[in-house]
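Subject: Structure handover

Hi,

Here is the structure I promised to pass on to you. Have a look at it first, and then read on for what turned up.

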Amino acid sequence: MPLHYVLPFALALVCAAPAFAQAPAVQRDTVGNRVSENIPAIPPALIERLNRYQNTRGAGFAGWTQDGCVLISTRFAETSQAHRVCEPMGMREQLTFFPEPINNVGTAPPSSDLDGFVFGKDIGGNEFWQLHWFDLDRREATLLTDGEARNQAPLFSHDGDQFAYSSTVRNGTDTDVWVMDFATRQARPVVTAGGSWYALDFSPHVGRLLVSRYVSASESYPGEVDLATGELELFPVDGGKASFGGFRYAPDGRSVYFVSDEPIRTDDSVDEPSEFRTLRHHDPASGAVTELSAHVPWGVEGFDIAGDGRHLAYVTNEDGIEKLHVLTVPEHRPVALPDLPAGVIGGFGFSPDGDRLALTLNTATSPSDVYVVDLRDTTLTRWTRSEVGGLDTADFVAPSLIRYPSFDTVDGAPRTIPAFYYKPSGSGPAGSRAGDKLPVVINIHGGPEGQALPTFNPTAQYLANELGVAMLVPNVRGSAGYGKTYLGLDNAALREDSVRDIGALLDWIEQQPELDAERVGVYGGSYGGYMVLASMMLYPERIKAGVDIVGISHFGTFLTNTEDYRRDLRRAEYGDEREPEIAALFERISPLNHADRISSPLFVAQGKNDPRVPYTEAEQIVEAVRGNGQPVWYLLFDDEGHGFRKKSNSDYFNAATMLFWQRHLIGEGE
């Protein structure tokens with residue numbers, strides 16, 4: 001989900017917070033784009049130690065060019081840009097040079113005389129992306145969209161003549177599907193049914209377009225548009241409501257492949273519930289639906305079909321480890337693959353000739369890099385090798401997967417919550433005084449429908465190797481990846497149950513002989529920021545310090561002030577604040593209304609242009625907690641949105657965070 005404004009802000013809610021001792025004086029510093037309050041000067045020695053970790057970088061697969069080169073997204077300077085690599089371990093040729101990072105890199109015509117790709121770019125993290133065409137022959141970028149609305153999800157037709165994308169240009173609230181004649185650059189809306197719509201696939205012989213309306217992580221509605229008449233036909237959804245993770249025409253142009261958690265029809269014509277999204281093939285001629293990933297008791301993350309129609313690749317998420325599968329088409333026979341490192345698979349896609357499959361691989365001890373699988377000889381070739389700041393990767397800590405019991409039961413047994421545990425291999429030079437137990441940082445993901453995966457995390461490595469601090473990364477209830485029941489366990493009135501999962505993790509920490517239950521910090525961004533504040537509110541005596549990045553402090557003000565195009569999407573997850581019972585729930589559970597309970601040191605960081613969680617969510621909780629006499633650290637970047645994407649900003653935030661942990665978690669002096 002995405003990341004400006006004049007905000008009609010509800011000051012009454014801030015004033016409703018209990019009054020306490022006079023707020024401490026605020027030390028405010030403004031340096032360029034950065035405003036910081038109460039943040040001490042960063043010691044040069046800390047910056048020097050941290051720099052190597054902050055100079056790690058990864059490379060992500062973004063697409064293929066017509067000549068068989070690979071497009072990648074990576075950062076050489078301040079922001080991530082598009083690069084081209086034409087042979088394994090070859091030179092990275094930088095193609096774009098913008099001060100702002102770019103996204104949606106690599107959308108290219110599958111078969112066309114056009115040689116180039118589409119990318120998206122916003123301003124200052126506001127997420128009002130504009131789509132551009134980059135011509136590889138002329139090395140020039142041209143604007144495709146209106147320059148103001150939010151545009152995303154670019155998609156070419158198979159012949160490259162038409163180009164579909166999603167845009168809020170019509171009214172600023174609804175996300176419609178538009179189709180452009182790419183030769184004339186004339187565009188027209190083809191889906192204006194209200195809500196958030198996305199184009200999924202053009203039919204092989206044009207004329208039809210698969211689309212989907214996204215409501216929430218557990219609810220989507222696919223359909224098909226006749227591009228000549230504009231008629232939209234929605235497909236029936238078994239069970240009335242389901243989640244879809246992709247929809248593509250088969251090479252025959254009739255049948256379709258899709259990912260869904262619809263109930264599965266058995267031979268006895270009985271609908272069996274499906275916890276996970278699986279890969280399926282539907283033949284409309286016979287009505288038969290074949291479940292192609294039934295042998296894997298986990299969910300399918302996504303799939304791709306080769307342009308020549310001979311192969312299909314899909315990725316499964318198996319308890320946080322992602323695995324690649326390839327099938328022949330149309331026989332659906334498994335294809336032998338080389339061994340891949342255990343980790344997380346990012347973007348993937350077939351080469352123009354269909355013989356090779358490029359993918360991004362990321363492991364807990366190595367940043368993202370691009371690999372290519374050759375289906376002809378079953379080989380795996382590494383195409384990029386990203387830098388790790390001169391560090392010895394042998395010293396990196398790989399997390400273990402643990403499960404800890406929470407407060408409720410499933411079939412009579414305690415429900416267990418999965419978490420990744422980064423445990424320092426040694427004591428570290430500063431984190432654990434001789435004989436002491438290890439301090440702990442609990443890192444809580446956002447979403448809330450996200451999932452923490454064992455990816456390369458330079459922060460975790462710095463905490464473990466330099467400060468001797470353990471990190472626990474839980475997937476509390478409501479996380480994706482563990483089935484639809486688990487996904488819905490935190491909805492609406494159940495919201496604080498996910499916070500109680502953090503309470504159960506605090507119990508688990510107390511039982512571990514190597515961990516210090518009196519030195520536990522919480523860290524999280526976006527919804528994870530809410531979890532930080534809520535955990536500090538509910539367990540003030542058990543949490544020593546917290547770092548909240550772009551977090552929600554009151555669900556009512558958040559929904560009032562988030563961008564118009566996001567409001568209904570978030571109501572589907574959190575509840576509708578216009579309903580009295582939901583409004584009452586928000587008053588009860590929002591940290592802003594209980595700021596008097598937050599008595600531990602707090603660091604709040606925010607981007608001024610954040611369209612998802614507006615900066616006022618940060619400023620109101622800072623003011624309220626300072627009313628307790630707490631000298632809250634506060635950091636605001638004028639050129640960032642929902643997170644920090646410019647290297648200098650990210651570096652400063654990370655250094656300030658490490659200083660905060662040293663002062664308020666580890667217990668090092670001034």
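Met 89 sits in the loop between strand 5 (80-85) and strand 6 (93-94); strands (E, at least two residues) and helices (H or I, at least four) are DSSP runs, numbered from the N terminus. Its phi is near 60°, a positive value in a residue other than glycine. Most residues other than glycine have a negative phi, and most peptide bonds are trans. Met 89 counts as partly exposed because its relative accessibility is 43%, where buried means under 20% relative accessible area, exposed over 50%, and partly exposed in between (1.4 Å probe, protein chains only).

Before going further, please note that this is a predicted model, in which local features need a pLDDT of at least 70 and side-chain atom pairs count only at pLDDT 80 or more, while totals for chains, interfaces and linings use all residues. Residues are numbered from 1 along each chain as its sequence is written, and side-chain values use heavy atoms, with hydrogens and water left out.

On confidence: the chain averages a pLDDT (the predictor's confidence in each residue, from 0 to 100) of 91, and 94% of the residues score at least 70. Over residues 1-20 the pLDDT is below 50, and this stretch has 63 contacts in the model beyond near neighbours in sequence; a contact means heavy atoms within 4.5 Å. Residues 427-434 also stay under 50 in pLDDT, and there the model has 22 contacts beyond four places in sequence.

Ser 526 is not a glycine, yet has a positive phi of about 65°. Ser 526 is in the loop between strand 36 (515-525) and helix 6 (527-538), and counts as buried because its relative accessible area is 16%. There are cis peptide bonds to look at too. One runs from Val 329 to Pro 330, with omega near 10°, and Pro 330 belongs to the loop between strand 27 (321-328) and strand 28 (344-350). Another cis bond goes from Gly 447 to Pro 448, with omega near 5°; Pro 448 is in the loop between strand 34 and helix 3.

Helix 3 is mostly covered, with 8 of its 9 residues buried, among them Thr 459, Tyr 462 and Leu 463. Which elements do the buried residues of helix 3 pack against? They pack against helix 2 (44-54), strand 33 (413-422), strand 34 (438-444), strand 35 (470-474) and helix 11 (647-666). The N-terminal end of helix 3 is capped by Asn 457, with a side-chain oxygen 3.0 Å from the backbone nitrogen of Thr 459. After helix 3 comes Gly 468, with a positive phi near 65°.

Glu 466 is part of helix 3 (residues 458-466). With a relative accessible area of 14%, Glu 466 is buried. Its side chain makes a polar contact of 2.9 Å with that of Tyr 53; a polar contact is a pair of N or O atoms within 3.5 Å, where within protein one must be able to donate a hydrogen and the other to accept it, and residues adjacent in sequence count only if both atoms are side-chain atoms.

In helix 11 you will find Gln 662, which is buried at a relative accessible area of 8%. Leaving aside residues up to four places away in sequence, Gln 662 touches Leu 46, Arg 49, Leu 467, Gly 667 and Glu 668.

On a 1 Å grid over the protein atoms alone, a cavity is a set of points where a 1.4 Å probe fits but cannot get out, and a pocket is an open set with protein on both sides within 12 Å along at least five of seven lines; lining residues have an atom within 4 Å of a point. The largest cavity has a volume of about 30 Å³, the space filled by probe spheres set on grid points joined across faces, edges and corners. Residues lining the largest cavity include Trp 64, Asp 115 and Leu 136.

The second largest pocket holds about 600 Å³. Of its 26 lining residues, Asp 238, Phe 258, Glu 262, His 282 and Val 289 lie nearest its centre. Strand 24 gives the largest share of that lining, 4 residues.

Happy browsing!
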